[in-house]
Amino acid sequence: MSSPTGPAPGSPRIDAAAPGLPVRTPRTRPSGRHRKPEPLAAPEGAPALVLAVPGTPSATSRSLAEEVSSIARSELPGLDARIGYVDGGDEEFPSLEAVLAAAAAEQNARAAETGQPDPGPAAVVVPLLAGPDSALLRRIRQAVLNSASGAELTDVLGPHPLLAEALHVRLSEAGLARADRARLFTVATAADGIILATVGGEEAVQAAGITGMLLSARLAVPVLAAGLDEEGAIARTAEQLRASGSQQLALAPYLIGPELADGLLGAAAEEAGCASAEALGAYGAVGRLVLSNYAATVGITLPGQGLGAPVR
């Protein structure tokens with residue numbers, strides 16, 4: 001009988017002078033659905049993503065735009081993301097037109113060096129807008145045309161389920177909604193009726209209403225959209241909600257932030273007699289939607305791109 005550390009009966013004898021143990025060879029990469037995906041990166045020569053930022057340029061809007069761009073870059077390494085201001089015009093806040101013209105000049109120089117006959121669009125412009133503000137979109141389209149860059153313009157970010165999620169988060173941060181709809185705890189200040197405030201005219205209000213339905217399904221409270229830029233609209237909507245039984249209202253801005261004029265949100269909340277959440281800002285979903293619009297235009301498939309499709 002062999003000792004616990006000795007060879008089992010019938011096993012081959014190991015010669016002390018024999019070469020070392022065989023080197024372990026690496027496992028072959030699995031194929032099929034168990035294969036680990038290759039790291040995603042922007043293709044070489046891909047057009048720049050240019051974020052079109054509305055409103056009066058400021059340090060606050062620049063910080064927000066930079067954070068949104070940073071989110072997009074983190075999701076797609078190698079992405080050339082730039083910022084152009086609809087009302088910009090200097091070195092600190094370059095205009096959208098100037099940013100696009102510079103991207104086109106750089107692309108033409110590269111094409112001349114490599115002999116590439118048709119380099120494609122120099123940039124893809126993504127408006128930093130939750131909804132279709134027609135006046136702002138006209139100005140963005142005009143800037144794209146004036147730049148002679150051949151840039152492509154994407155749709156705005158909403159309506160989209162991820163924006164309903166972002167609105168829910170902003171309301172919960174203000175103590176106006178439960179943070180987790182899956183847990184049945186209550187918030188003393190939770191609203192039982194929500195006014196979804198937007199700017200941009202009737203089309204913007206209708207688009208906000210679609211996201212409002214998604215938010216209503218999340219919170220199980222009525223949500224109605226109204227225009228901040230339409231006189232009396234917020235007050236009328238508040239009256240409508242109270243008439244239907246809601247007593248504790250909240251104002252939820254369906255806005256990223258830069259397009260919101262100073263003091264407008266506070267005045268609207270006072271008019272409606274209710275508390276207000278913050279604008280969407282640089283919430284992670286906003287950056288992901290910016291990248292999703294860019295990727296769809298360029299033809300890049302992002303992980304999970306089929307989930308949470310836009311609601312049109």
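This is a short walk through one predicted model, strand by strand and then loop by loop.

First, the ground rules. The model is predicted, so local features need pLDDT of at least 70, side-chain atom pairs count only at pLDDT 80 or more, and totals for chains, interfaces and linings use all residues. Residues are numbered from 1 along each chain as its sequence is written, and side-chain values use heavy atoms, with hydrogens and water left out.

Let me start with strand E5, residues 193–198. Is E5 covered or open? Mostly covered: 6 of its 6 residues are buried. Buried means under 20% relative accessible area; exposed is over 50%, and partly exposed lies in between, with a 1.4 Å probe and protein chains only.

Now the two faces. In a regular strand the side chains alternate between the two faces of the sheet. In E5, Gly193, Ile195 and Ala197 are buried on one side. Ile194, Leu196 and Thr198 are buried on the other.

Which strands does E5 pair with? One is E7, residues 249–253, parallel, over 5 bridges. Strands pair if DSSP finds at least two bridges between them. Leu196 has Ala252 of E7 as its bridge partner. Another is E6, residues 223–227, also parallel, joined to E5 by 5 bridges. There, Thr198 stands opposite Gly227.

E5, helix H5 (residues 202–219) and E6 form a right-handed β-α-β unit. Right-handed means that, with the strands pointing away from the viewer, the path from the first strand over the helix to the second runs clockwise.

Stay with this part and look at helix H6, residues 233–243. Its buried residues are Ala233, Ile234, Ala235, Thr237, Ala238 and Leu241. They pack against E5, E6, E7 and helix H7, residues 264–272. After H6 comes Gly245, with a positive phi near 115°.

Then Ser246, in the loop between H6 and E7. Ser246 counts as buried because its relative accessibility is 3%. What does Ser246 touch? Leaving out residues up to four places away in sequence, Asp192, Gly193, Pro222 and Leu241. Contact means heavy atoms within 4.5 Å. A polar atom of the Ser246 side chain lies 2.9 Å from the backbone oxygen of Asp192.

On to the open sheet. It has 4 strands, in the order E2-E1-E3-E4, with parallel pairing. E2 (81–85) and E4 (152–153) are the edge strands, each pairing on one side only. E1, residues 48–53, pairs with E2 over 5 bridges, in the parallel sense. Val50 has Arg82 of E2 as its bridge partner.

Two helices lie across these strands. Helix H1, residues 59–75, lies across E1 and E2, at about 155° to E2. Helix H8, residues 284–298, lies across E1, E3 (123–127) and E4, at about 145° to E3. Axes are lines fitted to C-alpha atoms, for helices over the stretch in contact, and angles run from 0 to 180 degrees between N-to-C directions.

How do H1 and H8 meet? Their axes come within 8 Å and cross at roughly 65°. On the H1 side, the contact is made by Val68, Ile71, Ala72 and Glu75. On the H8 side, it is Gly284, Val286, Gly287, Arg288, Val290 and Leu291.

Leu153 is partly exposed, because its relative accessible area is 30%. Leu153 touches Val125, Pro127, Ile140 and Arg141, not counting residues up to four places away in sequence. Thr297 is 144 residues from Leu153 in sequence, yet 8.7 Å away in space, C-alpha to C-alpha.

Last, some backbone details. Most residues other than glycine have a negative phi, and most peptide bonds are trans.

Which residues go against that on phi? One is Ala148, with phi near 50°. Ala148 sits in the loop between helix H3 (134–147) and E4. With a relative accessible area of 68%, Ala148 is exposed. Another is Ala220, with a positive phi of about 60°. Ala220 is in the loop between H5 and E6, and is exposed at 69%.

And the peptide bond: Gly158 and Pro159 are joined in cis, with omega about 0°. Pro159 lies in the loop between E4 and helix H4, residues 161–173.

Key. Polar contact = N/O pair within 3.5 Å; in protein donor to acceptor, adjacent residues only side chain to side chain.
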